[in-house]
Number of protein chains: 2
Amino acid sequence: MKFVEKLLKISSKNDSLLCVGLDTDLNKIPKLLLEKKDPIFEFNKKIIDVTFDLVCAYKPNMAFYEAHGSKGWESLEKTCKYIPQNIPIIIDAKRGDIGNTAKMYAQTFFEKLKADGITLSPYMGQDAVLPFLEYKDKCAFILCLTSNVGAEDFQFLESQGESLYIKVAKKVISWNKDKNCGLVVGATAAEQLKKIREIAADLPILIPGIGAQGGDLKMAVKFGTDRYGNLAIINSSRSILYASNGEDFALKAREEAKKLKKEINLYREK
Amino acid sequence: MKFVEKLLKISSKNDSLLCVGLDTDLNKIPKLLLEKKDPIFEFNKKIIDVTFDLVCAYKPNMAFYEAHGSKGWESLEKTCKYIPQNIPIIIDAKRGDIGNTAKMYAQTFFEKLKADGITLSPYMGQDAVLPFLEYKDKCAFILCLTSNVGAEDFQFLESQGESLYIKVAKKVISWNKDKNCGLVVGATAAEQLKKIREIAADLPILIPGIGAQGGDLKMAVKFGTDRYGNLAIINSSRSILYASNGEDFALKAREEAKKLKKEINLYREK
């Protein structure tokens with residue numbers, strides 16, 4: 001099944017565009033979990049248990065797992081296995097390397113971890129992305145416009161009358177022959193998101209920057225969704241995961257996810 | 001000790017600009033090692049044993065370790081520990097993410113693995129690099145011009161009369177207040193390498209693309225080194241690691257490394 005099809009299915013079943021970012025940080029999870037053998041997995045398990053009927057995807061952030069070396073990898077593997085098979089897993093890895101190396105990464109994320117999508121950096125161009133595109137049922141999400149201050153440094157540079165991020169969006173569309181490309185666009189850039197969605201009418205767009213980063217949710221939903229009110233994957237991590245750090249953390253995470261899902265749907269034009 | 005100082009010290013001691021890339025691939029290492037408990041580490045150990053007096057740095061490529069999940073991490077950790085402390089370790093990870101995540105990566109690579117340098121993608125701009133620059137004795141090598149075909153897609157785009165890769169080089173120089181920035185420039189682009197070295201007179205430049213990728217060694221050395229014939233880190237991976245896949249693999253790897261080191265020095269203006 002194509003990634004987009006899988007996404008639309010669960011999105012419709014759960015009536016949701018919400019993606020929960022699994023940026024699981026040992027310093028922020030409830031103390032009571034630290035006694036467990038694998039606190040990161042235990043935490044993720046609880047978060048998944050209380051959100052699986054509210055989301056359209058999960059997005060584990062590689063940095064938080066790599067920080068714990070081989071133990072972190074085990075937590076990530078267990079987490080990916082635990083996520084229900086009908087919910088897409090997008091690994092936030094922002095990789096980008098030449099053919100040979102990219103091929104290894106693609107194998108790792110798509111075959112070993114059985115992820116459905118991955119985030120990639122565009123800087124090295126097409127041959128850094130191609131090995132991922134050989135997996136026709138997966139999805140490569142290319143960084144287009146990011147939600148951080150540093151986005152100004154290069155992404156807005158004008159070339160031949162177009163900003164670099166627009167060039168990136170157009171290139172990605174030209175790589176999308178098998179309908180397995182997506183874009184990453186920060187929620188903090190509403191006007192630009194609108195422009196990108198106009199160009200990339202049929203691509204899934206992963207939108208981080210909601211919540212802790214202060215992006216405007218209404219604009220993100222309005223401009224990020226396609227003409228059917230779909231294909232925007234609106235990510236929130238910290239505001240859900242750490243809604244509480246007490247015993248009620250799972251309950252509070254569910255409440256927060258429910259609230260956010262509802263708010264997103266309020267702005268959706270279906 | 002500053003990274004550049006450490007690099008110059010070992011470079012002078014071993015009279016070498018050669019970096020051995022540890023792209024260790026289970027499919028390519030001698031079959032006789034596959035019976036060992038940790039074949040990747042056993043292979044690296046042997047390679048290090050026969051090259052530590054010939055190199056100025058080692059560059060493990062993350063993809064090859066991540067491909068084996070938690071076991072791969074263990075091999076990498078053991079490899080980093082085994083490399084003599086006076087030889088810089090540059091992790092080829094090509095990461096690039098926002099502040100919070102970048103901070104986690106910096107901790108992982110600089111504190112946990114005790115690497116001396118890391119390769120980073122410039123696309124997300126300064127705040128994706130800053131957390132690495134807080135480590136004043138380490139080095140962040142930013143992708144400037146890469147050795148693959150896809151480099152054409154974005155790196156050569158002209159903006160305000162300058163190519164993107166020149167913009168990147170100039171930005172990196174402005175970030176180099178603590179002398180802990182470097183650049184990555186492929187050996188396949190001699191003319192551009194010359195231009196970059198003229199701008200970045202004092203930065204270490206990591207130069208992959210020698211050997212299997214067919215870059216011109218003479219040009220890479222001539223244009224990549226600084227005015228004292230230093231600060232170019234010329235990487236070769238496959239041509240050394242897999243010089244033989246028989247029992248004599250270590251011997252052949254040493255011969256190949258020695259030959260390459262000598263050839264590099266032939267072109268060096270000291």
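Good morning. I begin with chain B, where strand 1 (residues 18–22) and strand 2 run parallel and are joined by four bridges. Within this pairing, B:L22 stands opposite B:P60 of strand 2 of chain B. Please keep in mind throughout that this is a predicted model.

That pair belongs to a wider arrangement. In chain B, eight strands form an open sheet with parallel pairing, in the order 2-1-10-9-8-5-4-3. Strand 2 (57–60) and strand 3 (90–95) of chain B each have a single partner strand and stand at the edges, so one side of each is left without a neighbour in the sheet. From one strand to the next, the twist averages 30°. Helix 10 (residues 217–224) of chain B packs on this sheet, where it touches strand 9 (205–207) and strand 10 (232–236) of chain B. The direction of helix 10 makes about 155° with that of strand 10 of chain B.

Helix 10 of chain B also has a helical partner. Helix 9 (residues 190–199) of chain B packs with helix 10 of chain B at an angle of about 10°, the axes being 8 Å apart. Angles under 35 degrees count as roughly parallel, and helix 9 of chain B is therefore roughly parallel to helix 10 of chain B. On the helix 9 side of chain B, the residues are B:A190, B:L193, B:K194 and B:R197; they meet B:M219, B:A220, B:F223 and B:G224 of helix 10 of chain B. By class, this contact has five nonpolar residues, one polar and two charged.

I turn now to chain A. Here, too, there is an open sheet of eight strands with parallel pairing, ordered 2-1-10-9-8-5-4-3. Its edges are strand 2 (57–60) and strand 3 of chain A; each has a single partner strand, so one side of each is left without a neighbour in the sheet. Inside the sheet, strand 4 (residues 117–120) and strand 5 (residues 139–145) of chain A pair in the parallel sense over four bridges, and A:I118 stands opposite A:A140 in strand 5 of chain A. Helix 12 (residues 249–267) of chain A packs on the sheet, touching strand 1 (18–22) and strand 10 (232–236) of chain A. Its direction makes about 140° with that of strand 1 of chain A.

A helix pair in chain A also deserves mention. The axes of helix 2 (residues 39–51) and helix 4 (residues 69–82) of chain A come within 9 Å and cross at roughly 20°. This makes the two helices of chain A roughly parallel, and their crossing is right-handed. Helix 2 of chain A contributes A:I40, A:F41, A:N44, A:K45 and A:I48, while helix 4 of chain A contributes A:S75, A:K78, A:T79 and A:Y82. Those residues divide into four nonpolar, three polar and two charged.

Finally, the two chains together. How many residues of chain A are in contact with chain B? There are 46, and they meet 46 residues of chain B. Several elements of chain A each supply at least two residues to this side, including helix 4, strand 3 (90–95) and helix 8 (164–174). The largest share, seven residues, comes from helix 5 of chain A. By class, the side of chain A that touches chain B has 18 nonpolar, 15 polar and 13 charged residues.

What rotation superposes chain A on chain B? A rotation of 180° does, with 0.0 Å of shift along its axis and an RMSD of 0.0 Å; this is the relation of a two-fold axis. In chain A, the C-alpha of A:S70 is nearest the axis, at 1.9 Å. The same surface serves both copies, as 100% of the contact residues of chain A recur in chain B. Thank you.

Methods
Residues are numbered from 1 along each chain as its sequence is written. Chains are lettered from A and ligands numbered from 1 in the order in which they are written. This is a predicted model: local features need pLDDT of at least 70, side-chain atom pairs count only at pLDDT 80 or more; totals for chains, interfaces and linings use all residues. Axes are lines fitted to C-alpha atoms, for helices over the stretch in contact, and angles run from 0 to 180 degrees between N-to-C directions. Angles under 35 degrees count as roughly parallel, over 145 as roughly antiparallel, 65 to 115 as roughly perpendicular and the rest as oblique. A crossing is left-handed if the near helix is turned anticlockwise from the far one by less than a right angle, and right-handed if clockwise. Two residues are in contact if their C-beta atoms, placed from the backbone, lie within 7 Å. Ala, Val, Leu, Ile, Met, Phe, Trp, Tyr, Cys and Pro count as nonpolar, Asp, Glu, Lys and Arg as charged, and the others, Gly among them, as polar. Two strands pair if DSSP finds at least two bridges between them. Copies are superposed by least squares on the C-alpha atoms of residues with pLDDT of at least 70 in both.
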